[in-house]
Amino acid sequence: MIELFQRAIFEENLALSFFLGMCTYLAVSKRLDTALGVGVALILVQSISVPLNHLLHAHLLSAGALTWLGLPDVDLGFMRLLTFIGIVAGLVQVIEMLLDRYMPGLYRSLGIYLPLLAINCAIIGGSLFMVERQYDLAESAVYGVGTGIGWALAIVTLAAIRERLRYADIPKGLEGLGMAFIVTGLISMAFSAFVGVRVI
Amino acid sequence: MIPLLPALARLAPPHGQLPALLGLALPMAFVLFAEGGGLLLRVGLLLAVIVGWQVLFARIRGQHFGLEGMTAAILVGLLVPPASPLYQLVLAISFGIVIGQLVFGGHGRNILHPSVVTLAFLIFSFAAEGYGQGPDLPLFALVPAFVLLLGSGQANWRILAGALFSLLGLSLLGIGDLPGLMGSGLFWLGLLYFAADPVASAATNPGRLAHGLLFGLLAGLFATAGSILSAIVFAALMAGIFAPLLDQGAITVNILRRSRRHG
């Protein structure tokens, strides 16, 4: 379980090894405080949506899951993507309303990227990986929290580096996104060092 | 053709790199004695590639450069195996110096040590060549570097203290091989030149301590899964990546503390 958690954060980091959720990752990493906000929002969405989607998948959608209703032959697998997106979109909507009410500053600075979390591929990717790798409920919960933390760590790190790059002298053509891509590559190279390292 | 002389006129005064270079003299002598003249060939080639890129950037962008390229060339030349194919070294040092330093605006503005980027590139891309091995440097070879870098303030003591504290903690938990790491000259070389590099490490005092703690922790953990050299290279890469975040954390804590004190 600890190994799964560690792998989800470092060596299988959704942003740095699968390059999922890149649009938000690159766009919201200009400032550390907004990056932290979107990172926390993603941890929240991910830790709720992966286990919730697991429950839906195991008890409603997968082949034979409806046996408890007396319908052993029904396979609602084709509804999977639709359901997952619905769950994620609903969660993001709730978080958006909560932020608007309680943290209006952060809400405004996240702007369009908060509703865009609904179609963030890191989030939907986490749920799809959960199905593909056949995690059970506890593993899904750990995986959800782990991938959320990993993605948040990646964006916060990039944001801190980009803030420091204000003191750098970057060639015209590489300013902004170009440098973000280069730095992302370097971060991703560093994270690859965790392959094979086990804390416990 | 790029006129060489006007570009060389942009050389920064050399005194900044002197402690680092003098500290490398004994490890160089030791490897020269153990391996023969191949080392000089490698360092010369690496230096030529580095200076080539620096001159190019100096001409086009008006950057200054100093002797830091020589430090980088010696560090990489020392740590790669004697039989490494030269084209791989040329490729890796070009990546290291351009992506690791020059695109950021040159020495002092980079976020990572170019030698660390170069070695990580080699270990990562050419896994079969054994770049993770590194020479057997004895502890005594690093004593001058320790005295010079610590004495000149280029290696901050907080980083060293943090790293040693982390390793001690790990060994108390029964993880890693503390005597093996501490007794190896390679580890001290990595600690003094890579982790405690004044440009690539954290810049606030609490950040430096945290940087050292992180480096020690990662080096200890990575060493359980691989060789000492790849452990220190990737630990330094990782710690350098996190250094700006550690600094921001230290600054935020300071701001909060002051605003609480002064209302």
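These are my notebook entries on a predicted model, taken one place at a time.

**Entry 1: where chain A meets chain B**

I began with the contact between the two chains. I found 30 residues of chain A in contact with 30 residues of chain B. The area buried between chain A and chain B came out at about 2600 Å², and carbon and sulfur atoms give 78% of that area. I then looked for the residues of chain A that lose the most area to chain B, and they are A:Arg164, A:Leu186 and A:Met189. Together these three make up 26% of what the chain A side buries.

How many salt bridges cross the interface of chain A and chain B? I noted one. B:Arg61 forms a salt bridge with A:Asp169, and their closest N and O atoms are 3.1 Å apart. I also noted six residue pairs in polar contact across the interface of chain A and chain B, with both residues at pLDDT 80 or more.

Next I asked which elements of chain A give two or more residues to the side that touches chain B. They are α8 (137-164) and α9 (177-191) of chain A. The largest share comes from α9(A), with eight residues. Sorting the residues of this side by kind, I wrote down 24 nonpolar, three polar and three charged.

**Entry 2: the two domains of chain B**

I turned to chain B on its own. Its domain assignment gives domain 1 (1-135) and domain 2 (156-263). I noted that the C-alpha centres of these two domains of chain B lie 23 Å apart. In chain B, 24 residues of domain 1 are in contact with 16 residues of domain 2.

How much area do domain 1 and domain 2 of chain B bury between them? I wrote down about 1700 Å², 81% of it on carbon and sulfur atoms. On the domain 1 side, B:Leu79, B:Leu112 and B:Val116 lose the most area to domain 2 of chain B, together 28% of what that side buries.

I looked for salt bridges between domain 1 and domain 2 of chain B, and the count is zero. For polar contacts between these domains I noted two residue pairs, both residues at pLDDT 80 or more. The elements of chain B that give two or more residues to the domain 1 side are α2 (18-23), α5 (68-79) and α7. Of these, α7(B) gives the most, with five residues. That side of domain 1 divides into 13 nonpolar, ten polar and one charged.

**Entry 3: B:Gly134**

I stopped at B:Gly134, which sits in the loop between α7 (114-125) and α8 (143-151) of chain B. Is B:Gly134 buried, partly exposed or exposed? I noted it as partly exposed, because its relative accessible area is 26%. Beyond residues up to four places away in sequence, B:Gly134 touches B:Leu79, B:Leu186 and B:Leu229.

**Entry 4: A:Ser127**

My last stop was A:Ser127, in helix α7 (residues 121-132) of chain A. A:Ser127 counts as buried because its relative accessible area is 0%. What joins the side chains of A:Ser127 and A:Asn53? I found a polar contact of 2.7 Å. Leaving aside neighbours within four places in sequence, A:Ser127 is in contact with A:Ser49, A:Val50, A:Asn53 and A:Phe84.

Terms used:
Residues numbered from 1 in each chain as written. Chains lettered and ligands numbered in written order. Predicted model: local features only at pLDDT ≥ 70, side-chain atom pairs only at ≥ 80, totals over all residues. Heavy atoms only, no water. Helix = DSSP H or I, 4+ residues; strand = E, 2+ residues; numbered from the N terminus. Buried < 20%, exposed > 50% of the residue type's maximum accessible area, 1.4 Å probe, protein only. Contact = heavy atoms within 4.5 Å. Buried area = accessible area lost by both parts, 1.4 Å probe. Salt bridge = Lys/Arg side-chain N within 4 Å of Asp/Glu carboxyl O. Polar contact = N/O pair within 3.5 Å; in protein donor to acceptor, adjacent residues only side chain to side chain. Nonpolar A, V, L, I, M, F, W, Y, C, P; charged D, E, K, R; others polar. Domains from an automatic or database assignment.
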